[in-house]
Amino acid sequence: MPLAARAVRRLSRLAPLFVLLLVVVATACSRDFPQTTLAPKGDLARIEDDIFFTTVKWATLVFVLVEGALVYAIFRFRGKPGDAEPEQVHGNTVVEITWTVIPALILVGIAVPTVKAIFKENETPKGGNVLTVEVIGHQWWWEFRYPGLNLTTANELHVPVGRTVSLKMGAFDVIHSFWLPQFAGKRDVFPNRETRLWFTAEEAGEYTGQCAEFCGIQHGRMAFRVIAQEPAAFDAWAAHMQTLGAPVPAAAADSIHTATAGGTVQQQAKPGAPPPALADSARPPAPAEDPLVVQGQKLFLLKGCVGCHSLVAYNAPKGLLGPNLANVGARTYIAAGTLPNTDENLAHWISDPQGVKHGVLMPNLFGGEDAAKVNEETKALVAFLRTHR
Ligand code: CUA
């Protein structure tokens with residue numbers, strides 16, 4: 001039997017394996033991967049995606065050519081019993097120059113767009129239409145501030161479609177990395193140092209992001225969501241957020257924070273010791289009528305929640321340990337992307353934060369109380385938080 005026919009026959013035995021591999025790849029790729037980098041929905045992500053695929057195309061071509069030549073040589077020139085000693089060669093100048101120059105040209109072809117993209121990524125977007133958002137990484141959640149709108153929120157970054165968002169980023173405690181795969185790459189965030197990123201969302205929708213730098217025990221559950229909205233919907237959201245809570249006097253807000261030169265925030269507030277200005281700012285937007293809500297409001301103060309969480313979005317105090325809760329009742333997830341925001345999950349989180357996210361800075365609020373009382377108080381707190389939308 002000729003050599004080629006034998007090779008084909010042997011390879012054909014592997015056909016079921018190839019089919020299985022194809023099925024696995026096709027199945028895997030058809031699933032919905034919320035954090036895929038392969039489905040860009042923004043300009044910066046598209047630049048990165050282009051570089052990735054340019055590199056993959058060249059790498060595939062090189063792989064096929066080199067492996068093809070290797071496999072061909074293995075079968076075509078393999079030794080058989082009785083063969084004479086093959087011809088001994090000591091290099092071929094033409095071949096060696098060729099296989100040095102061609103890869104060098106390919107690398108230049110990849111390096112030029114890559115370096116250009118690195119510079120482009122580091123540009124600060126300019127123009128009146130740019131929306132600046134300050135991102136502050138905390139153990140283990142994300143704070144988002146809109147200085148132009150004087151708004152603060154947590155774990156949900158609302159952005160308008162078609163408008164460039166310029167992120168000024170820092171960290172509250174340790175190094176984190178802000179990663180929103182469908183809009184931009186990832187960028188480390190540091191205490192006392194500002195890093196930048198920008199992107200323009202192309203399509204309305206809800207997208208996921210994640211901390212991408214190990215930052216402690218709950219690093220893996222330090223997620224966030226990007227809510228890209230049509231400009232009118234975004235403006236409506238911002239206008240609504242500005243109504244959440246009475247503005248606190250600037251002097252009171254300043255007394256509990258210190259903004260550093262880098263734009264990041266230093267911790268001063270201590271849990272359990274709410275400054276008077278904060279207790280004041282914890283007032284719900286409208287007088288509560290439901291007795292359960294009233295009880296929840298009292299518990300929010302009594303249990304010390306108010307020491308770490310603000311309930312105002314507009315002109316919110318800075319430097320708090322816990323996420324801003326001004327619109328927590330309307331968010332899709334709680335506990336930094338860990339649980340869908342259902343009453344049941346919210347109750348579970350409030351009654352046993354350490355059970356949900358071990359090591360989290362939120363303490364257990366119900367030391368030594370019996371189960372019935374914990375249940376009742378948790379229900380009241382959930383009812384109260386639900387009114388903050
Ligand atoms: Cu923050 Cu990992």
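Mentor: Let's begin with K303, which forms a salt bridge with E369; their closest N and O atoms are 2.6 Å apart. K303 sits in the loop between α8 (291-302) and β13 (333-334), while E369 sits in the loop between α10 (353-356) and α11 (371-386), so the pair ties together parts that are 66 residues apart in sequence. Here a salt bridge means a side-chain nitrogen of Lys or Arg within 4 Å of a carboxyl oxygen of Asp or Glu. Helices (H or I, at least four residues) and strands (E, at least two) are DSSP runs, numbered from the N terminus.

Before going on, keep in mind that this is a predicted model: local features need pLDDT of at least 70, side-chain atom pairs count only at pLDDT 80 or more, and totals for chains, interfaces and linings use all residues. Residues are numbered from 1 along each chain as its sequence is written, and side-chain values use heavy atoms, with hydrogens and water left out.

Back to our pair: E369 counts as partly exposed because its relative accessibility is 23% (buried is under 20% relative accessible area, exposed over 50%, partly exposed in between, with a 1.4 Å probe and protein chains only). K303 and E369 also belong to a network of salt bridges that includes K373 and E377.

R225 and E206 meet through their side chains in one of them, at 2.6 Å from N to O. This pair links distant parts of the chain, with R225 in strand β10 and E206 in strand β9 (residues 205-211), 19 residues apart. R225 is buried, because its relative accessible area is 14%, whereas E206, at 38%, is partly exposed. In the other, the side chains of E194 and R196 come to 3.2 Å, N to O. E194 is partly exposed at 33% relative accessibility, and R196 is partly exposed as well, at 24%.

Rings of Phe, Tyr and Trp (its six-membered ring) pair if their centres lie within 6.5 Å; planes under 30 degrees apart count as stacked, over 60 as edge-to-face and the rest as tilted. By this rule the count comes to 13 aromatic pairs. F52 and F53 make an edge-to-face pair, 5.1 Å centre to centre with 80° between the planes. F52 is partly exposed, with a relative accessible area of 42%, and F53 is partly exposed too, at 33%. F144 and F224 form another edge-to-face pair, 6.0 Å centre to centre with 70° between the planes. Distant parts of the chain are linked by this pair: F144 lies in strand β2 (residues 141-146) and F224 in strand β10 (residues 223-229), 80 residues apart. Both F144 and F224 are buried. Together with W142 and F178, F144 and F224 make up one aromatic cluster.

So, for your notes on strand β10: R225 there is bridged to E206 in strand β9, and F224 there is paired with F144 in strand β2.
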